[in-house]
Amino acid sequence: MEIAVQTPPEHTDYPRLLDIWQTADDLGFAAGFTFDHFVPLNPGARPSAPGGTPDGPQFEGWTVLAALGAVTSRLDLGTLVTGVTYRHPVLLAKIAVTLDHISAGRALLGVGAAWHEAEHAMYGFDYPGVGDRMTMLDETLEAFSLLCRADDPVDYEGRFVQLAGACFDPKPVRPGGVPVLVGGSGERLRRIAARRGDWYNGFWAPWEWAEVNDGLDGLLARYGRSPGDLKRTAFVFTELANDAATTEGLVKTFQATRGGTTEEIRARIVAGSPEQMVSVLESYAAAGVDMAILNIRPDQGAAEVARFGEQVLPAFDRRA
């Protein structure tokens with residue numbers, strides 16, 4: 001199983017992100033992710049401050065990703081994930097392929113159907129119903145594939161995406177194109193991932209992944225694909241400093257926002273001693289997860305990532 005990091009660009013500054021990403025790049029982590037929001041999600045409710053007014057700084061995820069891609073050399077690069085409601089599909093495609101060239105072929109396109117209704121309302125983004133957002137996601141990915149692969153100008157007529165003689169150059173650096181990661185939990189979203197995606201990301205606990213993977217394998221077969229055609233990635237919350245008080249705070253926050261017993265939460269988060277971290281990560285690997293993506297909160301930095309990289313990462317396969 002590969003190990004990746006996700007650094008939400010909230011409540012932070014660029015030097016901290018740079019230190020974390022260059023440390024992860026040097027130590028052999030497989031990938032690095034930002035997220036794509038315009039207001040912070042944490043701490044607290046969403047948005048975080050009372051009254052619905054978000055507090056604290058929040059960088060734009062793709063801009064930060066491009067900057068970090070330019071100063072790293074091995075990490076795959078993506079957002080976890082971009083809501084398809086935020087940008088026109090061609091703009092999103094251009095951003096992803098431009099990043100692919102900046103990074104010599106390391107870009108990923110991480111996408112989802114969007115969920116943060118309050119964020120849409122405050123900035124005036126359209127927020128259609130979930131069925132329409134799923135259709136937007138499906139059409140965006142179909143159009144992205146056509147733009148990246150077609151030699152001739154592209155015509156496409158969808159409900160939400162229309163292209164008329166659309167030219168798209170340059171093409172992606174990777175011979176197979178920019179891999180598409182689809183993130184989310186709903187049944188229709190998983191159907192889209194099985195049909196259009198190269199990677200699927202979910203928040204599932206280790207004991208939930210076997211059933212999720214069985215369902216994905218069935219969907220892949222329906223679309224004439226094999227289980228190996230879809231990489232499975234798990235989003236995992238972390239406390240990498242082995243600090244008991246901070247870990248307890250993470251457990252309580254998780255319990256308040258997502259539910260679960262203390263024992264269940266500790267069995268799905270990466271925290272505690274190196275041995276405890278390895279044990280939890282091994283449970284994800286045993287459940288069929290190909291990559292664990294570690295959420296690095298703003299109170300953790302390069303020192304914590306380096307500690308993990310030196311004490312835990314050697315237990316798992318690294319990229320050459």
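Colleague: Before we start: helices (H or I, at least four residues) and strands (E, at least two) are DSSP runs, numbered from the N terminus. With that settled, where is the place of Ala-114?

Modeller: This is a predicted model, to begin with. Ala-114 sits in the loop that runs between β5 and α4 (117–123).

Colleague: Is Ala-114 buried or exposed?

Modeller: Ala-114 counts as buried, because its relative accessibility is 14% and the cut-off for buried is under 20%.

Colleague: What about its phi?

Modeller: Ala-114 is not a glycine, yet its phi is positive, about 70°. Most residues other than glycine have a negative phi.

Colleague: Where do I find His-11, and what is its phi?

Modeller: His-11 lies in the loop between β1 (2–6) and α1. Its phi is positive too, about 50°, although His-11 is not a glycine. His-11 has a relative accessible area of 25%, so it is partly exposed.

Colleague: Where are Val-81 and Pro-170?

Modeller: Both are in loops: Val-81 between β3 and β4, Pro-170 between β7 (162–166) and β8 (180–183).

Colleague: Now helix α2. Which of its residues are buried?

Modeller: Helix α2 covers residues 61–70, and the buried ones are Gly-61, Trp-62, Val-64, Leu-65, Leu-68 and Gly-69. Looking down the axis of α2, these fall within an arc of 155°, so they line one face of the helix.

Colleague: What do the buried residues of α2 pack against?

Modeller: Their partners are the helices α1 and α3 (89–102) and the strands β2 (31–34), β3 (76–79), β4 (82–83) and β5 (109–112).

Colleague: You mentioned α1. How do α1 and α11 cross?

Modeller: The axes of α1 (residues 14–27) and α11 (residues 302–311) come within 9 Å and cross at roughly 15°. Angles under 35 degrees count as roughly parallel, and α1 and α11 are therefore roughly parallel to each other. Their crossing is right-handed.

Colleague: Which residues make the contact?

Modeller: From α1 there are Asp-19, Ile-20, Thr-23, Ala-24 and Leu-27; from α11 there are Ala-302, Val-305, Ala-306, Gly-309 and Glu-310. Sorted by class, that contact has six nonpolar, two polar and two charged residues.

Colleague: How do α10 and α11 cross?

Modeller: The axes of α10 (residues 274–286) and α11 come within 10 Å, with a crossing of roughly 75°. The two helices are therefore roughly perpendicular to each other. Pro-274, Met-277 and Leu-281 of α10 meet Arg-307, Phe-308 and Gln-311 of α11. That contact has four nonpolar, one polar and one charged residues.

Colleague: Last one, Arg-190: buried or exposed?

Modeller: Arg-190, in helix α6 (residues 187–196), counts as buried because its relative accessibility is 16%.

Colleague: What is Arg-190 in contact with, beyond its neighbours in sequence?

Modeller: Leaving aside neighbours within four places, Arg-190 is in contact with Ser-185, Tyr-200, Trp-204, Val-212, Leu-216 and Leu-219.

Note on methods
Residues are numbered from 1 along each chain as its sequence is written. This is a predicted model: local features need pLDDT of at least 70, side-chain atom pairs count only at pLDDT 80 or more; totals for chains, interfaces and linings use all residues. Side-chain values use heavy atoms; hydrogens and water are left out. Axes are lines fitted to C-alpha atoms, for helices over the stretch in contact, and angles run from 0 to 180 degrees between N-to-C directions. Angles under 35 degrees count as roughly parallel, over 145 as roughly antiparallel, 65 to 115 as roughly perpendicular and the rest as oblique. A crossing is left-handed if the near helix is turned anticlockwise from the far one by less than a right angle, and right-handed if clockwise. Contact means heavy atoms within 4.5 Å. Ala, Val, Leu, Ile, Met, Phe, Trp, Tyr, Cys and Pro count as nonpolar, Asp, Glu, Lys and Arg as charged, and the others, Gly among them, as polar. Buried means under 20% relative accessible area, exposed over 50%, partly exposed in between (1.4 Å probe, protein chains only). The arc is that of the directions from the helix axis to the C-beta atoms.
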